[in-house]
Amino acid sequence: MSNDFVDYVMELLGPFGTIGARRMFGGHGVYLDGLMFAIVSEDTLYLKADEMNRIEFEQAGCEIFGYARKGRRATLGFFRAPEDAMESPELMLPWARTAYAAALRANAKKQIAGQAQAARKIAQQKPAGKTAAKKKSARPARPVKRGKRTK
């Protein structure tokens with residue numbers, strides 16, 4: 001993959017905001033405000049899609065990002081950017097917006113899932129006071145000796 005293409009993608013997406021790219025898995029992740037909304041692989045730009053914007057990519061004839069994994073083809077929720085959008089920042093801007101919106105929705109789902117998991121863990125924990133009380137009551141009672149002591 002050429003760094004020239006990654007530089008071109010950064011320039012193309014420039015009007016959208018302060019874009020960053022990080023190397024990952026033989027390609028690059030493209031980020032805005034810490035959220036990855038696109039990937040660059042083999043000199044091709046792929047944009048994030050979900051159930052809300054997937055149809056836009058399909059109607060534009062964009063193919064889904066795929067790769068070989070353990071002898072099978074695996075896909076991710078990213079679609080190749082439309083050819084005409086690769087021509088100018090103005091044409092790319094609406095596609096970048098819809099991809100970023102998909103990334104925001106995915107991030108919100110992850111946060112909700114994380115909060116639900118944390119709540120389940122808290123609910124499963126035993127209160128500290130009850131644990132201590134059980135230990136005290138679990139001890140056998142000592143027999144009490146009554147009477148006079150002799151020496």
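**View 1. Ala60 lies in the loop between helix H2 (54-59) and strand S5.** Helices (H or I, at least four residues) and strands (E, at least two) are DSSP runs, numbered from the N terminus. The model is predicted: local features need pLDDT of at least 70, side-chain atom pairs count only at pLDDT 80 or more, and totals for chains, interfaces and linings use all residues. Residues are numbered from 1 along each chain as its sequence is written, and side-chain values use heavy atoms, with hydrogens and water left out. Ala60 counts as partly exposed because its relative accessibility is 38%; buried means under 20% relative accessible area, exposed over 50%, and partly exposed in between (1.4 Å probe, protein chains only). Apart from neighbours within four places in sequence, Ala60 is in contact with Pro82 and Trp95, where contact means heavy atoms within 4.5 Å. A distance of 9.1 Å separates the C-alpha atoms of Ala60 and Ala81, which are 21 residues apart along the chain.

**View 2. The largest pocket has a volume of about 300 Å³.** Of the 13 residues that line this pocket, Met24, Phe25, Ile39, Phe65 and Leu76 are the closest to its centre. On a 1 Å grid over the protein atoms alone, a pocket is an open set of points where a 1.4 Å probe fits, with protein on both sides within 12 Å along at least five of seven lines; lining residues have an atom within 4 Å of a point. Grid points are joined across faces, edges and corners, and a volume is the space filled by probe spheres set on the points. Strands S2 (27-32), S3 (35-41), S5 (64-69) and S6 (72-80) each supply at least two lining residues, and S3 gives the most, with four. The lining comprises nine nonpolar, four polar and no charged residues. Here Ala, Val, Leu, Ile, Met, Phe, Trp, Tyr, Cys and Pro count as nonpolar, Asp, Glu, Lys and Arg as charged, and the others, Gly among them, as polar.

**View 3. The second largest pocket has a volume of about 190 Å³.** Among its lining residues are Leu35, Lys48, Phe78, Ala103 and Lys110. Helix H3 (89-124) gives the most to this lining, with four residues. The lining divides into six nonpolar, two polar and two charged residues.

View 4. pLDDT is the predictor's confidence in each residue, from 0 to 100. Where pLDDT is low, the predicted coordinates should not be read in detail. The protein averages a pLDDT of 86, and 83% of the residues score at least 70.
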